[in-house]
Amino acid sequence: MTIQDLAKQVIRRVAAIAGPHHWPSRHPRLWVLMYHRILPADDPRAAAEEPGMMVTPATFRRHLYWLKPKFELISLSDWVGRAQRGKTLPLRACAITFDDGWRDNFEFALPILRETGTPATIFAVSHMIGTEKVFWPNRVARILHTPRNLEGCPSTIWLRKLMPAPSNRALTPGEISKVIAACKTLMDRELSERLDQIEKELGLESWPERPLMNWDELYAMVESGLVEIGSHTCHHTRLNDATSDQDIEREVLESQRLLQERLGRSVRLFCYPNGDVSLKSLDWVQQYYDAAVTTSCGINTSATDIHQLMRISIHEDISYYQQIFFSRLSSWI
Ligand SMILES: [Zn+2]
């Protein structure tokens, strides 16, 4: 074991037994946990997914049972509503959120939310609901996960430049995550067009099965009485300075309009794709939503900007046993 590993272990242990979730506080604090996919380890869909995106159903169930004695588990809108009306807020609250609207949330998370009576927020990508479309990182991961002759595919030149190894071997999950991170210098639309071309050349145009929830599944989540829906834009477009004003406006407003129309409920919560927040996007979100979440890591207080709430990202490898889960909640590691 290296000195760094040892130091990490010590911080983790201290964070778990003496982190902020143990501190007495006279001021309300809100932990917002960020989940993506809930998938059994042996599910074929887990094979080509980034490790940072998944938690197994068994681990997710354990999280909720570990949280219950320590936190008031509330919905994000409950916290926001109480804060807006000047009502008393819980001193140690925790809200569960899921990004993207994955179909597995309906299959595996909903039964556990029901079993434990836990409220949650799903941030859905309005114009991808029920379609065969999938996000560009998943498309990149699928191309790289299986060994294939990318040299024989001329449109992969740019992608091969980002790869750490000869392209005729399958990349490890860690290597795939690095390639995906490197792709982020390109705009979403450009990435999508380049991937369209590669998939055409490789004959990978169709996705094995619908990856995201359809409207009926989303509606069933809402009808459970436990789940509320927020907007995660129309197309999962990153709302940064490189995105045009027109695109930002459309992604923020049109997603809200469609979700409200199809679900028959008002949609007052927003989630910035990739955590990218520009002044322009913040401006639109402040005008049309009660609150919004980012991917910045931290614990919120009543003084935190309600349109830039921080979250703690949760995935299997940093949460599968109690000590590392609670060390994660410290937001220190
Ligand atoms: Zn997302």
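In which helix does Asp78 lie? Select residues 76–84: this is helix H4, and Asp78 lies in it. Helices (H or I, at least four residues) and strands (E, at least two) are DSSP runs, numbered from the N terminus.

The model is predicted: local features need pLDDT of at least 70 and side-chain atom pairs count only at pLDDT 80 or more, whereas totals for chains, interfaces and linings use all residues. Residues are numbered from 1 along each chain as its sequence is written.

Remain at Asp78, which is partly exposed because 18 other C-beta atoms lie within 10 Å. On this scale a residue is buried if 20 or more other C-beta atoms lie within 10 Å of its own, exposed if 12 or fewer, and partly exposed in between, with C-beta atoms placed from the backbone.

Next, select Ser177 in helix H8 (residues 173–183). Ser177 is also partly exposed, with 18 other C-beta atoms within 10 Å. Display Glu50 as well; its C-alpha atom and that of Ser177 are separated by 6.5 Å, although the two residues are 127 apart along the chain. Not counting residues up to four places away in sequence, Ser177 touches Glu50 and Gly52; contact requires that the C-beta atoms, placed from the backbone, lie within 7 Å.

Move to strand E5 (residues 92–100), where Asp100 is found. Asp100 has a positive phi of about 95° although it is not a glycine. Asp100 is buried, since 24 other C-beta atoms lie within 10 Å.

Now select helix H5 (residues 103–116). Its 14 residues, at 1.5 Å a residue, should span 20 Å, and its end C-alpha atoms are 20 Å apart, which agrees; the expected span is 1.5 Å times one less than the number of residues. Centre the view on Ala109, where H5 has a kink of about 45°, shortly before the proline Pro111. The bend at a residue is the angle between axes fitted to the seven residues ending there and the seven starting there. Among the buried residues of H5 are Phe106, Phe108, Ala109 and Leu110. Just after H5, Gly117 takes a positive phi of about 60°.

**Helices H6 and H9**

Select residues 136–145 (H6) together with residues 188–202 (H9): their axes come within 10 Å and cross at roughly 30°. Axes are lines fitted to C-alpha atoms, for helices over the stretch in contact, and angles run from 0 to 180 degrees between N-to-C directions. From H6, the contact involves Trp136, Arg139 and Ile143, and from H9 the residues include Asp188, Leu191, Leu195 and Ile198.

**Helix H11 and beyond**

Select helix H11 (residues 245–263). Its 19 residues should span 27 Å at 1.5 Å a residue, in agreement with end C-alpha atoms 27 Å apart. Its buried residues include Asp247, Ile248, Glu251 and Val252. To see what covers the buried residues of H11, display strand E6 (120–124), helix H10 (215–223), strand E7 (227–231) and H12, which are included in that cover. Just after H11, Gly264 takes a positive phi of about 65°.

Finish at Asn274, in the loop between strand E8 (269–271) and helix H12 (279–288). Asn274 has a positive phi, near 60°, in a residue other than glycine. Asn274 counts as partly exposed because it has 16 C-beta neighbours inside 10 Å.

How values were computed. Contact = placed C-beta atoms within 7 Å.
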